[in-house]
Amino acid sequence: MRIRIEGKTPLSGKIHPSGNSNSAQALVAAALLGDQPITLRNYPDTISARRMVTHAQELGATAEWSDKSTVTITANQLTRRTLDQNETDSSVGTLLFVAPLVCRRGYARLELD
């Protein structure tokens, strides 16, 4: 890919793109598949991405933020099997938790309206 910029003033500097929110949500769910710590870097600072980490914690995982865009998730033990109405209403991404719950706890229950 090439970007051509024309003008009288030369450009200089660096750009650090933020992480993709949809991918980040899937990675949080994938982190619940095992019991080892998983560190996600360049984690996007969006409402849906942050909410996904909160929901993982509500299921029993721990999340430690080392800075604004780096989170380590550890899911030694998932303590719940149910995603309640509030969680399923808040984000479609919470449906990604079904696979880790089934794998680790044997079944999952979704409360939908």
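Contact, as the word is used in these legends, means heavy atoms within 4.5 Å. The structure is a predicted model, in which local features need pLDDT of at least 70 and side-chain atom pairs count only at pLDDT 80 or more, while totals for chains, interfaces and linings use all residues. Residues are numbered from 1 along each chain as its sequence is written, and side-chain values use heavy atoms, with hydrogens and water left out.

View A. Helices (H or I, at least four residues) and strands (E, at least two) are DSSP runs, numbered from the N terminus. With a relative accessible area of 60%, Leu112 is exposed; the classes are buried under 20%, exposed over 50% and partly exposed in between, with a 1.4 Å probe and protein chains only. Leaving aside neighbours within four places in sequence, Leu112 is in contact with Gln85 and Thr88. Between Leu112 and Leu83 the C-alpha to C-alpha distance is 8.9 Å, although the two are 29 residues apart in sequence.

**View B. Thr70 in strand β3.** Thr70 counts as buried because its relative accessibility is 11%. When its neighbours within four places in sequence are left aside, Thr70 is in contact with Thr39, Leu40, Arg41, Glu64 and Trp65.

**View C. The buried face of helix α1.** Ser21, Ala24, Gln25, Val28, Ala29 and Ala31 are the buried residues of α1. Seen down the helix axis, these residues fall within an arc of 160°, so they line one face of α1; the arc is that of the directions from the helix axis to the C-beta atoms. Packed against them are β1 (38-41), α2, β3 and α4 (98-105).

**View D. Helix α2, residues 47-58.** This helix has 12 residues and reaches 16 Å from its first C-alpha to its last, close to the 16 Å expected at 1.5 Å a residue, where the expected span is 1.5 Å times one less than the number of residues. Its buried residues are Ala49, Met52, Val53, His55 and Ala56. They cover an arc of only 160° around the axis, which puts them on the same side of α2. The elements that cover these buried residues include α1, β2 (62-67), β3 (70-74) and α3 (85-90). After α2 comes Gly60, whose phi is positive, near 120°.
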